[in-house]
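Hi,

Here is the structure I said I would pass on. Have a look at it first, and then read my notes below.

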Amino acid sequence: MNSREKIRNILSLKNSGSVGTWIGHPDPATVDIYTKALGLKNRDELYEYFDDDCRWVCAEWFTYTHPEDENKPIWDVYGGKEPKSLGEPGVFAGFTTLQEVENFDWPDPGHFDFTITMENIAKQSHKSVFSGLWCCFFQTLHAMFGMENYFIKTYTHPEVIEATTERMVDFYFQANETFLELAGDSFDTYFMGNDFGSQLDTLISLDMFKKFVLPGFKKLIDQAKKHNKKVLLHSCGAIDKAIPLIIDAGVDAIHPIQAKAAGMDAVSLAKKYKDKIAFVGGVDTQDLLVNASAAEVKDEVKRLIEVLGPNYIVSPSHEWLLPNVPLANVEAMFEAVRE
C-alpha cells in the first residue's frame, strides 16, 4: 500500500494497517537548521529524508496576482499599514451599513493562476497531497474588522458580519471551483483552515459559530465533496465542543489537535469521536517536542498511536514547526512510528 492509499483509508476511517505520518510545514528557519545538520540542500530533500506520507500544496501560495499591481495582496487588511496588535482596527472597522460592504473593492477570483500549484502537485504524486485554497475567512474577517471589533459587531451589526462573510466565502468558493475543476483527481484531500479556538475555549459561542462560521464551512465542504475530496479542517485551540458540528458538516479529519488546549487531550477526543472522524497531529509542540528527551517523545507518540489509532496521522500539534524544536525530537517522532 502506498502513501496515497494509506491516507485515503485513514480519512475514510477504514485503516487496518500502520498509521500515517506528516512532518507538517516547518518554519523556513527550522528547515535551514535541520538541512544544515543533516547535510541536505533544501526543504524537498528534508521531506524525502523523513519519508512521511503527506504533502501540503496550498493553492493560495504564489497564485494570486492583481493585473494592475503585482504586489497587491488578496486582502489588504490594514490598508497598507503595519499592525501593532491582533486588535488593530482593519479596513472594515468602521463598517456599519450594507452599502459600505457593497462599495468595498472586493478582489476578483479570476486573478488566480494555478499553474505553479498544479506543477507542485504533480511533483508529489508519490505522496498523499493536501490542497485547495486555505479559505481562512473567519480569521481574515476578524483581522479586517479588528478582533475585538469583530466580536462586538456580531451583536451590534450582525447583518454587516453576515454580508462580509458571504462575500468573502463566495470569493473563495469561486476561486476554489476553478482550482478543483483544473486539479481533477490529482489529489485526494481538500485542506482548509480557520483558527476558531483559544487555549481554553472556542473564540465565539456555539450559537455565534453556527450563525457566522458554520454556513461558510458547509458551503466549502459541500463543494469539496462534489469534487470527490476528503476534507481536512485545521483549527488551533480548544475546539472540542464544536467538533460534533464539524462532523455533521461533513469534515473527515481534524488538524492539528493542540494537545495542551482544554479538552483536546487524546483520551478525551478518542472517547467521544474516534469512530466518527480521523485525527491529524497531536504531538505537542508547546512543551513535549521543545523540552522533552527523545525517549520521552517516542513514548508519547506510541501512546498517541494506541489511543487515537488506527485512523490517525502522526504529526506535530502545529504544522509550522519552530526552530525551538530539536531535530532529534522530530526524528524520535518518526522512529516511534517505525517501531
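Let me start with a question: is Glu 339 buried or exposed? Glu 339 is exposed, since its relative accessible area is 57%. Bear in mind throughout that this is a predicted model.

How many salt bridges does a search of the whole structure find? The search turns up 19. Here are two others I looked at:

- Asp 240 and Lys 272 meet through their side chains at 2.9 Å, N to O. This pair links distant parts of the chain, 32 residues apart: Asp 240 is in the loop between strand 5 (230–234) and helix 11 (243–249), and Lys 272 is in helix 12 (residues 266–273). Asp 240 counts as buried at 14% relative accessibility, whereas Lys 272, at 41%, counts as partly exposed.
- Arg 55 and Glu 48 form a salt bridge at 3.3 Å, N to O. Arg 55 is buried, with a relative accessibility of 3%, and Glu 48 is partly exposed at 41%.

Now for some helix packing. The axes of helix 6 (residues 137–145) and helix 8 (residues 158–183) come within 10 Å of each other and cross at roughly 130°. That angle makes helix 6 oblique to helix 8, because only values over 145 degrees would count as roughly antiparallel. The crossing of these two helices is right-handed. On the helix 6 side, the contact is made by Phe 137, Thr 140, Leu 141, Met 144 and Phe 145. Helix 8 brings Val 160, Ile 161, Thr 164, Thr 165, Met 168, Val 169 and Tyr 172. Sorted by class, the contact between helix 6 and helix 8 has 9 nonpolar and 3 polar residues, with no charged ones.

That's what I have for now.

Cheers

Technical notes. Residues are numbered from 1 along each chain as its sequence is written. This is a predicted model: local features need pLDDT of at least 70, side-chain atom pairs count only at pLDDT 80 or more; totals for chains, interfaces and linings use all residues. Side-chain values use heavy atoms; hydrogens and water are left out. Axes are lines fitted to C-alpha atoms, for helices over the stretch in contact, and angles run from 0 to 180 degrees between N-to-C directions. Helices (H or I, at least four residues) and strands (E, at least two) are DSSP runs, numbered from the N terminus. Angles under 35 degrees count as roughly parallel, over 145 as roughly antiparallel, 65 to 115 as roughly perpendicular and the rest as oblique. A crossing is left-handed if the near helix is turned anticlockwise from the far one by less than a right angle, and right-handed if clockwise. Contact means heavy atoms within 4.5 Å. Ala, Val, Leu, Ile, Met, Phe, Trp, Tyr, Cys and Pro count as nonpolar, Asp, Glu, Lys and Arg as charged, and the others, Gly among them, as polar. A salt bridge is a side-chain nitrogen of Lys or Arg within 4 Å of a carboxyl oxygen of Asp or Glu. Buried means under 20% relative accessible area, exposed over 50%, partly exposed in between (1.4 Å probe, protein chains only).
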